[in-house]
Amino acid sequence: MTDSLPCPRCGGPSDLASWLDRAQPKLAADSAIRASCPRCEQESHLALRSGEAAIGSLSPAPVMFRPERKVRIEALDVKTQFDHIAITLGKRSWRFASA
Ligand SMILES: [Zn+2]
């Protein structure tokens with residue numbers, strides 16, 4: 001499977017698009033994207049950069065994103081703006097508001 005990220009809890013891989021379709025519209029702390037696993041419903045956090053995606057969790061204070069797995073996704077484009085981030089993956093796009 002391409003473009004897939006494994007769930008830290010159940011280990012099941014899901015397409016990045018499936019994760020993003022289940023993400024909260026507002027960014028969590030440390031600009032992380034909060035999404036529930038398409039397979040087991042466990043909440044995880046994602047951090048995206050152009051060409052790379054990471055899945056992990058947020059640490060207790062100070063709140064920081066801790067990546068557990070990273071994958072290279074060439075088609076992933078991420079643009080960070082003052083009030084949102086815009087994500088494009090192939091023909092799909094998502095937008096997440098900054099806190
Ligand atoms: Zn899972």
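Predicted model: local features only at pLDDT ≥ 70, side-chain atom pairs only at ≥ 80, totals over all residues.

**The whole chain.** Zoom out until everything fits. Along the principal axes, the C-alpha atoms fill a box of roughly 35 × 35 × 20 Å. A compact globule of 99 residues would have a radius of gyration near 13 Å, and the protein chain, at 12 Å, agrees with that. If you colour by burial, 19% of the 99 residues come up as buried.

**The core.** Now select Leu5, Leu16, Trp19, Ile33, Leu46, Leu48 and Ala53 and show their side chains. The largest nonpolar core has 13 residues, and these are the ones that touch the most other members. Which elements give two or more residues to this core? They are H1, strand S3 (33–36), strand S4 (43–49) and strand S5 (52–58).

Stay here and centre on Leu46. Ignoring neighbours within four places in sequence, Leu46 is in contact with Trp19, Ala32, Ile33, Ala35, Ala53, Ala54 and Ile55.

**The helix.** Next, pick residues 16–21, helix H1, and click on Ala17 inside it. Leaving out residues up to four places away in sequence, Ala17 touches Leu89 and Arg92. For a quick distance check, draw a line from the C-alpha atom of Ala17 to that of Ser4: the two residues are 13 apart along the chain, and the atoms are separated by 8.6 Å.

Last stop: select S7, S8 and S9, an open sheet of 3 strands in the order S7-S8-S9 with antiparallel pairing. Strand S7 (76–80) and strand S9 (92–97) are at the edges with a single partner strand each, so one side of each has no neighbour in the sheet. Look down the sheet and you'll find neighbouring strands turned by 15° against each other on average, direction ignored.

Zoom in on strand S8 (residues 84–89), which is joined to S9 by 6 bridges, the two running antiparallel. To see one of these pairs, select Ala86 together with its bridge partner in S9, Arg95.

Note on methods: Residues numbered from 1 in each chain as written. Rg over C-alpha atoms; globule rule 2.2 N^0.38 Å. Buried ≥ 20, exposed ≤ 12 C-beta atoms within 10 Å, placed from the backbone. Helix = DSSP H or I, 4+ residues; strand = E, 2+ residues; numbered from the N terminus. Contact = placed C-beta atoms within 7 Å. Pairing = 2+ DSSP bridges. Axes fitted to C-alpha atoms, helices over the stretch in contact; angles between N-to-C directions. Core = buried A, V, L, I, M, F, W, Y, C linked by C-beta atoms within 7 Å.
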